[in-house]
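Please keep the sequence and the 3D view open as you read.

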Amino acid sequence: MRTTVGIIGAGPAGLLLARLLHNAGIDSVVLESRDRAYVEQRQRAGILEQGTVDVLRAAGAGGRMDREGLRHDGIELRFARERHRVDFPALTGGSSVMVYAQTEVCKDLIALQLEEGSPLLFGAEALAVEGAESERPRVRFRHEGREDVLECDYVVGCDGFWGVARRAIPAEHSRVFERTYPFGWLGILADVPPSHDELVYARHDRGFALLSMRSPVVSRLYLQVPEGTDAGSWADEEIWDELGRRLETADGWSLERGTITSKSVTPMRSHVHEPMRHGRLFLAGDAAHIVPPTGAKGLNLAVGDVVTFARALVHLEETGSAERLDAYSETCLRRVWQAERFSYDMTTLLHRAPDATPFEDRVQLARLRRIATSRAAETDLAEGYTGFPLD
Ligand code: RFL
Ligand code: PHB
């Protein structure tokens, strides 16, 4: 098999890249190791930045998002039983975010790709990327029990944190920057209308809690739990009790309970692989970088990477200049590091480290109070949350 751009992985990064290339008249093949149902049901992100919303619309993939997504103009911070709303449009000159689940973004892009795009193969596991430094990189893969080779002009590894693409970059050319956190998130989906109309990020002495949503009738909630926690060790009622305690306010707000339909634990890490390119192999999305979910940045960064790649390739085809493609890693990493910084700030602002000292607790509360009382500090949060511009 032969194509211009071989894409490994049909998460948001790979699917959107295939769509952008299709719109530009460039052919591609997407190899995805899992089946379609799995990819469409994997519970993950929920927040799209303004820039991501604009990209999906321009790619012709925003129809259902505009009908069913929920535009949010702010979030609420809770600490010391107080609440403070951050008003995004007022602080950023009009930006907001969209609540529209990653599962839905993937469903929309898969439907478009299968209808009118280049080939998208499910159950096709990439085994290795070969010849990244040559003119003709190849992806060896297994599909329907047979091994095959995809010959490409370019390979883009959109295969997430555990994928194979990154491994094709020799260690002597790689640098990894990493931080792990001694806690994770226990996330639930529940059949109950959200108890607040915007997301609530709560700092509590017992740990962080987040109230989010998937629709007007489905809530998504998270609790900070110790690293390595087994989701099954938390009974449903215990989860609701703990969420109620951590989200409690002095003004009598109350949390509605409902049937929990899914329960899982996510570890938290910050990770960046530099550079994001080796020869004709490019890394995009979680394959190159991971952020802790507190800043809601992972999917949005993946979108930024593939937009940068697609624009650079179109520029090459139109002008003959590889300048933008050569600058891919540098261009992406500038934005990646801003998101890493923001996600780290949000994580340390709101979580309680198991070894936190009383001094650190006081500083954390002072940081929150600063945001609640200084327009400059609040604007910094609003700008980071609604998203950093694409170069
Ligand atoms: P994905 O989504 O992991 O997709 C990678 C795809 O590659 C496939 N694959 C392979 N295919 C072929 N051959 C191989 N050898 C392969 N190895 C892997 C996989 O099956 C998969 O389909 O990466 P991508 O596209 O880079 O997208 C990244 C996002 O999924 C991720 O950053 C976000 O989900 C992170 N994230 C959030 N991001 C946000 O922007 N806003 C949020 O609100 C948000 N909340 C979250 C999150 C992630 C979470 N978890 C579970 C980590 C909340 C949570 C709880
Ligand atoms: C989600 O709805 O899954 C979600 C929202 C905000 C975050 C992380 C996850 O910061």
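Let's start at Pro275, which sits in the loop between strand S17 (259-274) and strand S18 (277-278); helices (H or I, at least four residues) and strands (E, at least two) are DSSP runs, numbered from the N terminus. The peptide bond that leads from Glu274 into Pro275 is cis, with omega near -5°.

A word on conventions: this is a predicted model, in which local features need pLDDT of at least 70 and side-chain atom pairs count only at pLDDT 80 or more, while totals for chains, interfaces and linings use all residues. Residues are numbered from 1 along each chain as its sequence is written, chains are lettered from A and ligands numbered from 1 in the order in which they are written, and side-chain values use heavy atoms, with hydrogens and water left out.

**Loop residues**

Ala80 has a positive phi of about 50° although it is not a glycine, and its place is the loop between strand S5 (74-79) and strand S6 (82-87). Glu144, in the loop between strand S10 (138-143) and strand S11 (146-151), also has a positive phi, near 50°, and is a residue other than glycine.

Glu144, at 70%, is exposed. Gly25 belongs to the loop between H1 and strand S2 (28-31) and is exposed too, with a relative accessible area of 67%.

**The ligand and its shell**

Which residues are the closest to ligand 1? They are Glu32, Arg42, Gln102, Asp286 and Leu299, out of 34 residues that surround ligand 1; a residue is near a molecule if one of its heavy atoms lies within 4 Å of it. The shell divides into 15 nonpolar, eleven polar and eight charged residues. In this grouping, Ala, Val, Leu, Ile, Met, Phe, Trp, Tyr, Cys and Pro count as nonpolar, Asp, Glu, Lys and Arg as charged, and the others, Gly among them, as polar.

| Protein atom | Ligand atom | Distance |
|---|---|---|
| Asp286, polar side-chain atom | ligand 1, oxygen atom | 2.7 Å |
| Ala13, polar backbone atom | ligand 1, oxygen atom | 2.9 Å |
| Ala296, polar backbone atom | ligand 1, oxygen atom | 3.2 Å |

Taken alone, ligand 1 exposes 1,000 Å², and the protein buries 89% of that; accessible areas come from the Shrake-Rupley method with a 1.4 Å probe, and for residues only the protein chains shown count as cover. Helix H1 (12-23), strand S9 (124-130) and helix H8 (298-319) are the elements that give two or more residues to the shell around ligand 1.

**The whole chain**

Stepping back, the protein chain has twelve helices and 20 strands. Its radius of gyration is 21 Å, close to the 21 Å that the globule rule gives for 391 residues, so the chain is as compact as a globular protein of that length. That radius is taken over C-alpha atoms, and the rule is 2.2 Å times the number of residues to the power 0.38. The C-alpha trace spans about 65 × 40 × 40 Å along its principal axes.

Of the 391 residues, 55% count as buried. The chain exposes about 16,600 Å², of which carbon and sulfur atoms supply 48%.

Technical notes. A polar contact is a pair of N or O atoms within 3.5 Å; within protein, one must be able to donate a hydrogen and the other to accept it, and residues adjacent in sequence count only if both atoms are side-chain atoms. Buried means under 20% relative accessible area, exposed over 50%, partly exposed in between (1.4 Å probe, protein chains only).
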